[in-house]
Amino acid sequence: PILDTEDAWVSVEGPVSIVELALEQKRIHYPLVEHQFVLCTILYAIMRFSLKSVKPLSLFDSKGKNAFFKDLTSIQLLPSGDMDPNVLSIRQQFLTKVVSAAVQALCSSQKAKEVSEEELFPFEKGKNWPTLAVDLAQYLQISEDVVRRHYVCELYSYGMDHLGEE
């Protein structure tokens, strides 16, 4: 971009402006940032629901693992459309664990009305974990319908038939 400056500002001496510093930065590789975001979401879900025996890096193939340790401005080989069936199975199990834990947390928070989940986790107000799991399924190349069906089954199994029907 062309930055027009007034003549009075041309002779000013001092540190470089933040706009000029920003323009000198290298461009980031957006798919790599998106890949990092998926990992952060997975880590947050593991932490939030205290999921045991989940190894976050096992949800990615070798290309995906290598991409985590590269500079965000570098063009990296990211996982392609062909995935190992074992990795896909692990991903599907993880997403179903997240949905199950989310429904269990919802059920327990409705039974224990004295302390709401919003009071325990105020920064999560309005966060819908099952919907987030469906969105994550797109990135992890898992069928969204499998996650949705599991969500409905979990709602019915916890006696929340009115939510399951929706």
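Reply: Glu-154 is found in helix α8. Helices here are DSSP runs of H or I with at least four residues, strands are runs of E with at least two, and both are numbered from the N terminus. This is a predicted model, in which local features need pLDDT of at least 70 and side-chain atom pairs count only at pLDDT 80 or more, while totals for chains, interfaces and linings use all residues. Residues are numbered from 1 along each chain as its sequence is written, and side-chain values use heavy atoms, with hydrogens and water left out.

Glu-154 is buried, with a relative accessible area of 15%. Buried means under 20% relative accessible area, exposed means over 50%, and partly exposed is in between, using a 1.4 Å probe and protein chains only. Leaving aside neighbours within four places in sequence, Glu-154 is in contact with Ser-100 and Val-103; contact means heavy atoms within 4.5 Å. With Ser-100 there is also a side-chain polar contact of 3.5 Å. A polar contact is a pair of N or O atoms within 3.5 Å; within protein, one must be able to donate a hydrogen and the other to accept it, and residues adjacent in sequence count only if both atoms are side-chain atoms. Another residue to look at here is Val-99: its C-alpha atom and that of Glu-154 are separated by 8.0 Å, although the two residues are 55 apart along the chain.

Helix α8 covers residues 144-157, and Glu-144 and Arg-148 both lie in it. These two form a salt bridge, with the closest N and O atoms 3.6 Å apart. A salt bridge is a side-chain nitrogen of Lys or Arg within 4 Å of a carboxyl oxygen of Asp or Glu. Arg-148 also meets Asp-145 in a salt bridge, at 3.7 Å from N to O. The spacing along the helix is worth checking. Glu-144 and Arg-148 are 4 residues apart, about one turn, and Arg-148 and Asp-145, being 3 residues apart, are also separated by about one helical turn. An α-helix has 3.6 residues a turn, so residues three or four places apart point the same way. A search of the whole structure finds 2 salt bridges.

In α7 (residues 129-139), Trp-129, Pro-130, Ala-133, Val-134, Leu-136 and Ala-137 are buried. They cover an arc of only 160 degrees around the axis, which puts them on the same side of α7; the arc is that of the directions from the helix axis to the C-beta atoms. The buried residues of α7 pack against α3 (30-49), α5 (85-111) and α8. After α7 comes Gln-141, whose phi is positive, near 60 degrees.

The largest nonpolar core has 30 residues, and Ile-42, Phe-94 and Leu-95 touch the most other members. The helices α3, α5, α7 and α8 each give two or more residues to this core, and the largest share, 9 residues, comes from α5. A nonpolar core is a set of buried Ala, Val, Leu, Ile, Met, Phe, Trp, Tyr and Cys residues joined through side-chain atoms within 4.5 Å. In soluble globular proteins, nonpolar side chains tend to be buried together. Not counting residues up to four places away in sequence, Ile-42 touches Pro-56, Leu-59, Phe-60, Phe-94, Leu-136 and Leu-140. Leu-136 is also one of the buried residues of α7.

As for the chain as a whole, it has 9 helices and 0 strands, and buried residues make up 30% of its 166 residues. Among contacts with a separation of 6 or more, 72% join residues 24 or more positions apart.
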